[in-house]
Every structure is written in C-alpha cells, then in structure tokens.
Protein chains: 2
Amino acid sequence: MAFRFVSAACFVALLSLATPVATVAKEAPTKRLVLIDDDIVGLNGAPALLLQAPDVEVLGITTTSGSVWRDTATAYALRTVEILGRTDVPVVPGATYPLLNTQESTKRWEGLYGRLEFKGPWTEPASGGSPGTPSPSVVPSLPIGDPVTKPSSEIAAAFLVRMVRAHPHQITLFATGPMTNIALAQSLDPSFAANVKELVYMGGSLNPQQTLGTPAAAAFAREFVNTPRREFNIRWDPEAARIMAHGAWPKVTMVPIDPSTGTQWTRGFLDSLRSAHTALTDTLQTGLEPGFPIWDEIAAMVWLEPAIVTRAETLYIDFDTNQTAGYGDTLSWHEAYRPHLGERAQTVVLSIDRVKMEATMRALYKRPLKR
Amino acid sequence: MAFRFVSAACFVALLSLATPVATVAKEAPTKRLVLIDDDIVGLNGAPALLLQAPDVEVLGITTTSGSVWRDTATAYALRTVEILGRTDVPVVPGATYPLLNTQESTKRWEGLYGRLEFKGPWTEPASGGSPGTPSPSVVPSLPIGDPVTKPSSEIAAAFLVRMVRAHPHQITLFATGPMTNIALAQSLDPSFAANVKELVYMGGSLNPQQTLGTPAAAAFAREFVNTPRREFNIRWDPEAARIMAHGAWPKVTMVPIDPSTGTQWTRGFLDSLRSAHTALTDTLQTGLEPGFPIWDEIAAMVWLEPAIVTRAETLYIDFDTNQTAGYGDTLSWHEAYRPHLGERAQTVVLSIDRVKMEATMRALYKRPLKR
C-alpha cells in the first residue's frame, strides 16, 4: 500500500501542471483510509457518510457493545453495508462487555450517586410493559431490515492491529462508540496508537449548553445541566477510555457532546433527501429520529470537511476511572494545569457550522450509491 | 483433540483389568494440557517442573511484563525451553505494559501512600551505580545464557484464545505473572474463561506470617507485616487481576504469598540435584537464589501433586482497583460477607507440606530431559 501511495503521489505531481488536482484525485487511488469502530444502531448516519465520501476507503467496520449489545450493533452494521451495496467492507465483531464495568457495579454506583439516564443495554425497561433488556446474543428484528450477510470471524481488536500493521501511519481510526476495542488493540500492540495516522472520536463532555429552544433540546439539557462531564460512550467503559486517552496517537480529534447542542435531526432535512430515491435516502426516512441531536455524524463531517468547525481548542484530556461520583467523567486541562499522568493533547471540537455541515451531509447522502 | 481424548479413555478402560492404569497412562496420550503464562525470569523452576512432568503437555508459554519487561521474560522463556530441549513448545510474547497502571501514576501513588518495595522494571536502581531500568525492548545478557531460538509472531492473548477454542474445557491455565494477557484474552472472547478447564495462579496475599527464622525470611516479613494484602503480580496490573477475578472459570486455585513463608530455596536442595548432571540441574545451580521463598513452583506443585496442600479455604476473591492506599490489594470474603459484585469462589492455598513438595520437585528436576 505504501507503494500505491508513492505512485499516486508521483502521478499527481506529474499531471498537476496540466490538470486540476481535484480531478486527478477522484480517479487516482489516493483515498483516505479509515477504520470505523462503532456501537452502530439504526442506520447510523456516520458510517453511511464515510462510505459515501468519494475520497474515502473504509477498510472495515468493527463493532462494540454500547448503545446496544455487540451482536445487535453487528447486525446493524451488516444491514448498513447491504443497503449501501458495500458488502465488500468487512464487519468485524468486537467487545461484548466493557473491560471492568458491570451491570451490577453500575447498580451499586447508582445507589450511591444517583440514577444514570441511559445505560445502553443495561437501561431498565420503561414502566408499562417493555420486554426488558435482552441477553447479549439475542438480536431483535431490525427496523431497517435484518441482514442476510455474515460478519467476519476475526476478533475486532486483532483485526484493528492487523490493519494498522499493514498500513502504518495511513489509517484514520474513526470511533463513535465505547473505546473497548481500541483499548484492547492498544494493549495487544503497544505500537498500535503510534502507527495510526490519527484518531477521531465522538465521546466525552465538557460544558454543553442548551442552544436550541425545542422541547427535545430542553430534555437533553435537563441531563447535562447536572452532569456536564458525563457522556455515555465513555461512561460505559471508563477504563478503556483512559487507555485511549494515554495512547501515543500522532493526532487526536475529540467531538464531545458540546457541539451537538446546536444541532438536531429535523423532518425538513430528511425530506430534503427524498428526491434522490436511493436505498440509503429511503432508509434514512425511518432510520433517524427527528428531535435528537446529531452526534456521530458531526465527527464524520469534522473529518471529511474540517471547515465546518467554528470553535476548537487544544486541551489535555483524560477520564476518571475511580469508583466515585465522577466515574467515567471527562477530565480536561489547559497545558499549564495538566497533571502529566499520561494525558495527551487533543483537538476538542466545541462548535460547528450546522448549515454548512448539513449541506455537505445532504450532498453525500444523496450521491448515487457506489455499487 | 476431543477425539484423541475419547479414544484414549476407551483404551485405558479396555486395558485396565489387565494392566495397572498408571503404566498405561504414561504411554497413552491422556496428558493434562497446560498453558503457562509467566513473567519468567531466571530459570524459573515452575515452567521447568511442568515441562518435566511426564503426564503434562505444555501447549505454549506466553510471556508478560512483570518482574522484568516482556522481551526479557520472552528471552528467559526461550532459553528455558532450549535448556530443556523443548523448543517444540511455542513461546508467545504478550503484554508489555499493564492495562492502566503506569510508572508515572505509581510515582504519584508512592508520594501519597509510601514507597513500594518492588516495582518490577520500574524499581529504582539501587544507590551506588546500577545502570538503571532499561527500556522495554532492551534485553540484557542472561545469566543462564542467551537464547538462539525466536518467539512466535502471534500475540499472546490471541494465542490463548485460539488454543482454548481448539481444546475447550481441557486446558489448565497456569499463571504466575501479572494477569494482563489473561484479562485481554477474556476481553477478546467472553467465553474464554468458561472454556478453560481450570485456572491456577500465583498472586495476591491474605495474611502471611513469618514462619522461618532466617534473616531472609525476616527481610520478607518486614514487607508483608505492613502490607499483608499487597503482592507484586497483582499490584503491577490491578485492573487485569480484577477482570481475572470476575471470570467464569469452572475452577480457580489461588496460591497467594501465604504458603510461601514456610519455604525457601536452600543450598542443600540445590546440591541434592547435582548428581543428575542434566542441563537443567546444572543451570538450576546458578539460576535460583538460596534464601528466597519458593513462589511460582508452589503453584506448579499444587497442581501436579494436590496432596502437598495442608490448608486451603474456599474464599471469594477480588482486587481493589481504586487509586487509593489499597490499589492492587487482595480482597477476600467468606460466603456470608461477599458483596456479590462479580467476585467468585476460589480455592485459596494457605499452607503446604514443604518436605513432601521438595521431594517431588527434586524427582522432577532430576528426571532425564525429554529430548
């Protein structure tokens, strides 16, 4: 792959005087390589954006428990690549459980520090007859249709290690779920983080503010006004997040809750996709929930189009792993205040241009499917 | 392998009326399968005992950092199988670093709670010109000779998962170092622990008492009198130990510090091996240090000859992972007091018959080398 990149770079250099580089780039194999690690649920728009981006090559989707159990996330990932006609992209199942966190310890923690709003598959069924949390291996019927393809037999962390060894310094690791698979890959191979090109992740929370006046926005604000440092991806597996935060990544971009408060999925946005009439835009009509903030897709768009970022800061980031009130909380410092305990500088995205982001998202979602 | 076992069992049953079973067992392939996970240093006597035992098949030795860095442990493991003429046994390198623990956080912890006596490769060089702790990849010249063979290119945790899947419910996992590789294997494959036959490990500490009057015994007692719940294997990677303690192993035998206080390596014992004049007994003359308690070898002998155990209790065991004074401490409860947070019953060996143990150790060490 190194050879392919050198060749392509030379090719661009030779032709660049005569031909616009952008045109060449579309044809040449200089795609940006990405591995997606996700607790994918619904037709998560972030993998779809990366799969639709013309200059991006998705090397695989690894799954983890988080919002749903790992096996359900795997089914959603398989169904996503089926809808997009991209079953050439391997879906590799990863961690079922967090490294140390358990349902039982979460219950005890809640007895000391208060109820958690969302606990992924550990969330209690709503009063009124919900069937309850299924066991990890029970995959419900998916609202976007059940997959017919099968996942890889490899273990996600081993797959991540293998891919990064095969393409050193060339892969963006794009993570929008709990960090379990990533922490395992780092622990299996101490050179893993340094050999990734960059890490982009959705997770953590600094100081989110309600910025929209909708009832949905007010409901989400009721949660983070009391717990500005708590975010689910991290809270599901705080120890994995800490391992991630200490990794020697050449570059890290954090997309916390903060920039999401200025966004939400709307009926208007979904309606604007209808005219494309692809399997993707049709499925997005039912796969996304108007009123919810945009989360993972912000991370995808920050990577695909950095110009949408209107405010970002370089901060040192870590996560609390003590079993106190702050278990899983985001820790952040400016340089002068950092404890020097292994935490590293991350580019923290604090706000984005929603209009600009949605325009590009719309264009990507409406593109003809690649196959 | 399942088929081999069934056949062998039938073979034994058919012949048992005419021939003593013990004789048949030596010939038949009904060997006890074991995987050794070790921060091996010196010519650690435990792997040697298992490799010498006639009814045991060592499927591999996985290495981890602990007493020394992983690469040094790997070199010692390679040299051990070379000396024993058992280079058919794969040596598979594992974790270089603990999951979360770091040298820097250990220093801060010491600033709050006091100096740790032994920190493996993080131990400060003794005053007076020691060259200091080498970097993880620098392997010093070994006093038992440098290996000429090479380790496996597989990663230990992946190897452990692969072997246990190949021989479900048939492998004893024998662990005498920090639990990093084992925790990784459990996290990679949630069915790993349940598919092992049993886990036998040296680690943890309950309430050790000085039982020998030697100066060396007094020196070790000065350490554990103030920290009866602290033991290095666990303290190097407390989070991995907690993951291990929560695993669904069908059976767990813990060999903590406690039974070791009644033992020590003596010149007399080493002298008694000389007459065998094998590469093993010759190397043991310099590879072991008289005065030190016997540690890992007790675990090996408890598994090989359970009759040496003079006192054992079934206790529920866990390990403290909060960054307080008790970080890495052993937690133990009788049934009525356990917190039900995932801890499980373990058979905890509290004392052993030293004379009986040494007799069998001597016989095993003096056996002709297998190849």
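User: Before anything else, what is pLDDT?

Analyst: pLDDT is the predictor's confidence in each residue, on a scale from 0 to 100. This is a predicted model, and for chain A the mean pLDDT is 90, with 89% of the residues reaching 70 or more.

User: Where in chain A is pLDDT under 50?

Analyst: One such stretch is residues 1-27 of chain A, where pLDDT stays under 50 and for which the model has 19 contacts beyond four places in sequence. Residues 127-131 of chain A are also below 50, and that stretch has one contact in the model beyond near neighbours in sequence. Where pLDDT is low, the predicted coordinates should not be read in detail.

User: And what ipTM does the complex get?

Analyst: The predictor gives an ipTM of 0.86 for the complex, together with a pTM of 0.89.

User: OK, on to symmetry: what rotation puts chain A on chain B?

Analyst: A rotation of 180°, with 0.0 Å of shift along its axis, superposes chain A on chain B at an RMSD of 0.0 Å, which is the relation of a two-fold axis. In chain A, the C-alpha nearest that axis belongs to Asn322(A), at 2.7 Å. The same surface serves both copies, in that 100% of the contact residues of chain A recur in chain B.

User: Switching to H11(A), is it enclosed or exposed?

Analyst: Eight of the eight residues of H11(A) are buried, so this helix is largely enclosed by the rest of the structure. Its buried residues, which include Pro238(A), Arg242(A) and Met244(A), pack against helices H7 (180-188) and H10 (232-236) and against strands E5 (198-202), E7 (309-319) and E9 (344-352) of chain A.

User: Then which side chain does Glu239(A) make a polar contact with?

Analyst: The side chain of Glu239(A) makes a polar contact with that of Tyr327(A), at 2.9 Å. Leaving aside residues up to four places away in sequence, Glu239(A) also touches others, among them Leu99(A), Asn101(A) and Thr321(A), as well as Leu100(B) from the other chain.

User: Last one: where is Lys150(B), and is it buried or exposed?

Analyst: Lys150(B) is in the loop between helix H5 (103-113) and helix H6 (156-166) of chain B, and it counts as exposed because its relative accessibility is 70%, the cut-off being over 50%. Lys150(B) is 58 residues from Val92(B) in sequence, while their C-alpha atoms are 9.5 Å apart in space.

Key. Residues are numbered from 1 along each chain as its sequence is written. Chains are lettered from A and ligands numbered from 1 in the order in which they are written. This is a predicted model: local features need pLDDT of at least 70, side-chain atom pairs count only at pLDDT 80 or more; totals for chains, interfaces and linings use all residues. Side-chain values use heavy atoms; hydrogens and water are left out. Copies are superposed by least squares on the C-alpha atoms of residues with pLDDT of at least 70 in both. Contact means heavy atoms within 4.5 Å. A polar contact is a pair of N or O atoms within 3.5 Å; within protein, one must be able to donate a hydrogen and the other to accept it, and residues adjacent in sequence count only if both atoms are side-chain atoms. Helices (H or I, at least four residues) and strands (E, at least two) are DSSP runs, numbered from the N terminus. Buried means under 20% relative accessible area, exposed over 50%, partly exposed in between (1.4 Å probe, protein chains only).
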